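The following exercises concern a predicted model. Please work through each task before reading its solution.

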Amino acid sequence: MNTRLFILLSIFLTSFGTAFAESDIWSSLLSEYAHDTNVQQVIFVKCTEGSKAEAEFYVKDANQQWVLERADSAQIGKMGLGKTREGDKKTPEGNFDIRQTYGIKANPGTVIPYLDVTENLFACDNEEYYNQFVDCDTVDHKCTGEHMIKYVPSYNYGIAIDYNHDNVFGLGSAIFFHCFGNRPYTAGCVAVAEDFMELILKKSDTHLKICIHQK
């Protein structure tokens, strides 16, 4: 085999292998959740470059077959993928459950428990209530975390991703799936268009899975 042909064949095989590996992540997840009757919806966040990503929302039909409801652009953390600590501006990688939904705007019709964002609601980053919502109307706590109502339009609608399930202090807090804000990146969350968020909320239940990986 001459050198030129060998190089071309090597490039082809490398590209084919990479494409297959990429495809296999997502097809494997669809296959895995296809056999879980509790899981009727999944969101794939396919991270591409920097803070850029693509989001795909799948819902099972009456025959328990996956149907792609919508695919659109998304944003992740300013520093990309691979969260390990508070403030690293990275989005966590993995397959996540959800905790609940919330919004500055009224519930658009989701069956998932929905938290109305009021003037005194915070996403806490203090050790006592780390990685939890705190309503300072009902809890005696001077929170220095995110004052939720100030995050318009990002928090018009959102889903709390179950990252750092045990609320370990310093591991990272307030990881949400929310609406686009005023910047082309997030502080570690995932963001999509507001009408996409509405669609997800209306068509999802408490067993929604959010899968975040490199494309």
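**Exercise 1.** Determine where Ser-173 is found and whether Ser-173 counts as buried or exposed.

*Solution.* Step one: Ser-173 belongs to the loop that lies between strand E10 (158-161) and E11. Step two: the relative accessibility of Ser-173 is 9%. Step three: buried means under 20% relative accessible area, so Ser-173 counts as buried.

**Exercise 2.** Describe the partners of E10 and the directions in which its residues point.

*Solution.* Step one: strand E5 (residues 98-103) pairs with E10 in the antiparallel sense over 4 bridges, and Thr-101 stands opposite Ile-159. Step two: E10 and E11 run antiparallel and are joined by 3 bridges; here Ile-159 stands opposite Phe-177. Step three: Gly-158 and Ala-160 point one way from E10, Ile-159 and Ile-161 point the other way, and all are buried.

**Exercise 3.** Give the strand order of the open sheet that contains E7 and identify its edge strands.

*Solution.* Step one: the order of the 3 strands is E8-E7-E9, with antiparallel pairing. Step two: strand E8 (133-135) and strand E9 (146-147) are the edge strands, each pairing on one side only. Step three: strand E7 (residues 121-123) pairs with E8 over 3 bridges in the antiparallel sense, and Leu-121 stands opposite Asp-135 of E8.

**Exercise 4.** Locate the cis peptide bond that involves Pro-153.

*Solution.* Step one: the bond joins Val-152 and Pro-153, with omega about 5 degrees. Step two: Pro-153 is placed in the loop between E9 and E10.

**Exercise 5.** Which residues gather in the patch of positive charge on the surface, and where is Arg-183 placed?

*Solution.* Step one: the patch is formed by Lys-78, Arg-85, Lys-89 and Arg-183. Step two: Arg-183 lies in the loop between strand E11 (176-179) and strand E12 (190-192). Step three: Arg-183 is exposed, its relative accessible area being 55%.

How values were computed
Residues numbered from 1 in each chain as written. Predicted model: local features only at pLDDT ≥ 70, side-chain atom pairs only at ≥ 80, totals over all residues. Heavy atoms only, no water. Patch = residues over 30% accessible without salt bridge, like charges linked within 9 Å, V, L, I, M, F, W, Y side chains within 5 Å. Areas by Shrake-Rupley, 256 points an atom, 1.4 Å probe, with all protein chains shown as cover. Salt bridge = Lys/Arg side-chain N within 4 Å of Asp/Glu carboxyl O. Lys, Arg positive; Asp, Glu negative; His and termini not counted. Charge placed at Lys NZ, Arg CZ, Asp CG, Glu CD. Helix = DSSP H or I, 4+ residues; strand = E, 2+ residues; numbered from the N terminus. Buried < 20%, exposed > 50% of the residue type's maximum accessible area, 1.4 Å probe, protein only. Pairing = 2+ DSSP bridges.
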